[in-house]
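Me: I would like to go through this model with you, beginning with the ligand site. Could you take my questions one by one?

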Amino acid sequence: MISKVIAEDLIHKVQKEIDKAETMVIVVHVGPDGDAMGSALGLWHYLMTIDKEPQVIVPTAFPDFLAWMPGADKVLVYENDKQKCDEIIAATDLIFTLDFNVLNRLAGMEHVIKDAVAPKILVDHHLHPGDYAKVTISYPEISSTSELIFRLICRLGDFSKINLACAECIYTGMMTDTGAFTYNSNKPEIYSIVYELIKLGVDKDDIYRRVFNTYSADRMRLMGYALYQKMKIYPENKAALITLSLDELKEFNFKNGDAEGLVNMPLSIDGVLFSVFMREDPDKIKISLRSQGTFPANKVSADLFDGGGHLNAAGGESYTTLEEAVRKFEEALDDYKDFL
Ligand code: 5GP
Ligand code: MN
């Protein structure tokens, strides 16, 4: 028996909103990852089985390695289809915001969602949820939003409505947000849920292969280059930094998702507890931070790069040059020695 986790009154509120609504929009954070897509499409499949009309809208494109997900072909990408998305959002009865805590994680889609008249339901596992939603289902101790979607559907009394497609999406999010169950994955109930999903027909080995073993040769070469030429180690700080400039990314025909997982790699070096990856985008520097144990990646991100996230996985942005972002990082590193 899986414990309840989501408070009873929240379940009633969600039920009421779902009953009232016919059309629904599901949105996730910019640069959708496996959990964003898994939770959104998991919920989408469920809502279809109860005869609602849901539409998933993502702010920017999702990576190719998630394109196989059932329902991914029905997802609208806001930045490619603004007018159509604006019309759908303006007319919808209900909006689910999944896998992020504050509306600025929607980037270019922030204002249209903020201004939408439809009530919003937040389902998320990041710290410090904003107060924009009519119903806020925020459980940072849960390792993925996809797991929360599974729990939500069950608590709505609809476990029997979880079809294989829905189960595959939920499994994908649970798998990707835990690095295939290698971190943030010690809660036994995760495996009770995985057990249920496999019983529903999920082929977990095949999903692993689709997500982690379908990269391009360019991506592999980019990884090799980044690790060989661009990884800097700070032994005193048990830290590592990788940077990739726009020119370097171009050289390897960089596509969305090609740098996925790169930031985790230095953590497999003995003595490295903190890893940072800075990627130059056309309009900003995107920063990913990962740590092990109690070293607070989210604090470093909040202090230096206007970001946030989880203790061991955080992100932020910088509107400086890549060199300046590196300088800021290096100058601040010693301030965090007490956390080692
Ligand atoms: P990633 O490095 O995979 O982009 O992000 C890791 C985690 O950091 C995400 O799950 C999210 O919680 C957080 N994160 C990433 N980028 C940002 C950002 O720009 N701002 C904030 N507040 N959190 C971020
Ligand atoms: Mn997540």
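**Ligand site, metal site and backbone**

Reply: With five residues, E12 gives the most to the shell around ligand 1. Please note that this is a predicted model.

Me: Which strands each supply at least two residues of that shell around ligand 1?

Reply: They are strand E10 (285–291), strand E11 (308–309) and strand E12 (313–318).

Me: And which of the 14 residues around ligand 1 come nearest?

Reply: His126, Ser288, Arg290, Ala314 and Gly315 do.

Me: What is the make-up of the shell around ligand 1 by class?

Reply: There are eight polar, four charged and two nonpolar residues in the shell.

Me: Which backbone N or O atoms lie at 3.0 Å or 3.2 Å from ligand 1?

Reply: One belongs to Gly315, at 3.0 Å from an oxygen atom of ligand 1. Another belongs to Gly308, at 3.2 Å from a nitrogen atom of the ligand.

Me: What about the side chain of Lys286?

Reply: An N or O atom in the Lys286 side chain is 3.2 Å from a nitrogen atom of ligand 1.

Me: How much of ligand 1 does the protein bury?

Reply: The protein buries 83% of the 490 Å² that ligand 1 exposes when taken alone.

Me: Changing topic: which residues are the protein donors of the manganese ion (ligand 2)?

Reply: Asp35 (OD), Asp99 (OD), His125 (NE2) and Asp177 (OD) are the donors, and they lie 2.2 to 2.4 Å from the ion. Their spacing in sequence is D-x63-D-x25-H-x51-D.

Me: What does the pair Asp99 and His125 tie together?

Reply: Asp99 is in the loop between strand E4 (94–98) and helix H4 (110–115), while His125 is in the loop between strand E5 (120–124) and strand E6 (135–138), so the pair ties together parts 26 residues apart in sequence.

Me: Is Asp99 buried or exposed? And His125?

Reply: Asp99 counts as buried because its relative accessibility is 2%, under the 20% cut-off. His125 is also buried, at 2%.

How values were computed
Residues numbered from 1 in each chain as written. Chains lettered and ligands numbered in written order. Predicted model: local features only at pLDDT ≥ 70, side-chain atom pairs only at ≥ 80, totals over all residues. Heavy atoms only, no water. Near = heavy atom within 4 Å. Polar contact = N/O pair within 3.5 Å; in protein donor to acceptor, adjacent residues only side chain to side chain. Areas by Shrake-Rupley, 256 points an atom, 1.4 Å probe, with all protein chains shown as cover. Helix = DSSP H or I, 4+ residues; strand = E, 2+ residues; numbered from the N terminus. Nonpolar A, V, L, I, M, F, W, Y, C, P; charged D, E, K, R; others polar. Donors = N, O, S within 2.8 Å, 3.2 Å for Na, K, Ca; no water. Buried < 20%, exposed > 50% of the residue type's maximum accessible area, 1.4 Å probe, protein only.
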